[in-house]
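Subject: A structure for you to look at

Hi there,

Here is the structure I promised to pass on.

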Amino acid sequence: MAGGFSSRGFHGRRQTPEDAKRLPPGQYLTTDFPVLSAGPTPHTPEVSWDFAVLGAVETPQRWTWAEFRALPREPITADIHCVTKWSKFNTRWEGVALDTLLAAATPQGGYLLAFCDGGYTTNLPLADVLNHRAWIVDTYDGTPLPPEHGGPTRLLVPHLYFWKSAKWVRGLRVVSEDEPGFWEEYGYHNYGDPWKEQRYQGD
Amino acid sequence: MERTALPGRLAWQSARVLAVVDETPHVKSLELDVPGWTGHLAGQHVDVRLTAEDGYQAERSYSIASPPEARQLTLTVERLDDGEVSPYLTDGLQLGDQLELRGPIGGYFTWHVAQGGPLLLIAGGSGIVPLMAMLRHRAAQHSVVPTRLLYSSRAFDEIVYGAELARLTAVDPTLIVTHTLTRRQPPNWSAYARRIDRAMLEAVVWPASAQPLAFVCGPTALVETVASALVNLGHDPQRVKTERFGPGGRAP
């Protein structure tokens with residue numbers, strides 16, 4: 001758009017300088033935790049839940065709920081940024097780092113496709129989920145993750161737009177060639193860096 | 001499953017306000033002239049960007065109310081009293097004002113007559129907006145795909161597009177609209193007067209064996225209740241598409 005455009009009579013609501021620095025472009029701060037998903041909330045009982053790492057790996061892995069809960073856990077505090085424009089600061093989670101899950105399988109490819117109950121998928125470069133930048137979380141704010149927020153487990157990748165933090169995640173497929181996931185097929189950005197405002201294809 | 005490729009970058013476009021229409025005390029429709037608009041599917045939305053004189057910007061998403069067949073692009077906006085953007089759109093805009101927007105966005109929560117039906121639409125409050133685009137598209141195409149809308153509003157004067165829905169049903173026996181008013185009902189109100197629940201769905205919607213294609217849009221509590229109940233009634237979760245209007249807005 002040509003420089004100099006302004007919306008007649010619009011003043012807007014300024015954040016504090018500290019908050020403004022933490023907000024990616026085009027985002028606003030909320031204290032709520034909005035729920036967004038494309039279909040009904042799945043309800044998978046713990047007895048039939050498992051988590052898999054498969055595809056281009058040396059040793060495919062599968063954990064039952066009890067086995068998953070026994071893996072080394074980490075607390076995470078992170079700011080999250082939804083492509084629908086809201087951001088939320090200091091969200092608190094607990095879960096298992098993807099480093100732990102992937103090390104057990106030894107990936108042979110450079111990309112992941114996370115798959116979920118309900119059929120949702122999202123894609124990520126392997127490099128983005130290592131070094132304690134991504135987790136499978138089962139706890140939000142000290143309590144079990146509610147189903148509408150992705151429980152029993154969701155992916156948490158706070159440095160990318162939140163649609164990458166797939167709800168109801170059941171496994172990771174390691175692949176050699178990057179392939180788009182659900183929203184990525186519908187025109188959302190393949191990578192989704194909020195600081196570069198990569199909301200949609202071509203951004 | 002239909003996929004919608006969005007070629008290239010979605011550029012910000014200039015839109016001019018042609019009309020501001022009162023829909024309810026809290027809801028207005030903005031009729032916009034968007035030169036170069038390349039079209040959309042019923043159910044899609046746009047990002048709107050406002051810029052203050054000092055360069056400060058705020059962005060939000062709004063559903064498109066107009067069908068692909070319309071010459072103008074219509075957005076229907078609910079005023080959120082503590083909102084940063086919606087009060088400006090509903091009360092601050094004048095005819096001829098410019099807005100910046102980009103879109104269309106979202107290709108999953110969309111319906112085209114070629115997808116067929118039966119078409120099951122369930123709305124809460126301003127969640128009617130993307131579903132109205134589908135009904136207007138259906139009417140513009142003279143489609144007779146069997147269609148049912150179950151629409152929950154707080155009160156009679158908060159029903160968005162009430163008169164237009166009545167006009168559509170009056171001339172189209174293949175369209176059935178059922179209202180429920182959850183807080184206040186006028187005297188002699190004979191339709192539902194409670195939140196949508198499983199019993200209401202069983203009475204109003206097709207059985208799962210009819211395999212309707214369902215679109216559910218509204219506040220999270222309504223969407224959770226309706227989508228879960230439809231699945232429990234045997235509907236295929238893959239044929240139940242949802243969009244939730246939290247404070248955050250639209251899909252994903």
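This is a predicted model: local features need pLDDT of at least 70, side-chain atom pairs count only at pLDDT 80 or more; totals for chains, interfaces and linings use all residues.

Residues are numbered from 1 along each chain as its sequence is written, and chains are lettered from A and ligands numbered from 1 in the order in which they are written.

Chain B has five helices and 11 strands (DSSP runs numbered from the N terminus: helices are H or I with at least four residues, strands E with at least two). Its C-alpha atoms fill a box of roughly 55 × 45 × 35 Å along the principal axes. Of its 252 residues, 46% count as buried (20 or more other C-beta atoms within 10 Å of a residue's own; exposed is 12 or fewer, partly exposed in between, with C-beta atoms placed from the backbone). D81(B) sits in the loop between β5 (73–78) and α1 (86–92) of chain B, and it counts as exposed because it has 7 C-beta neighbours inside 10 Å.

In chain A, five strands make an open, mixed sheet in the order β3-β2-β11-β6-β7 (two strands pair if DSSP finds at least two bridges between them). β3 (61–64) and β7 (121–125) of chain A each have a single partner strand, so one side of each has no neighbour in the sheet. β6 (residues 111–116) of chain A runs antiparallel to β7(A), joined by five bridges; F115(A) has T121(A) as its bridge partner there.

Enjoy exploring!
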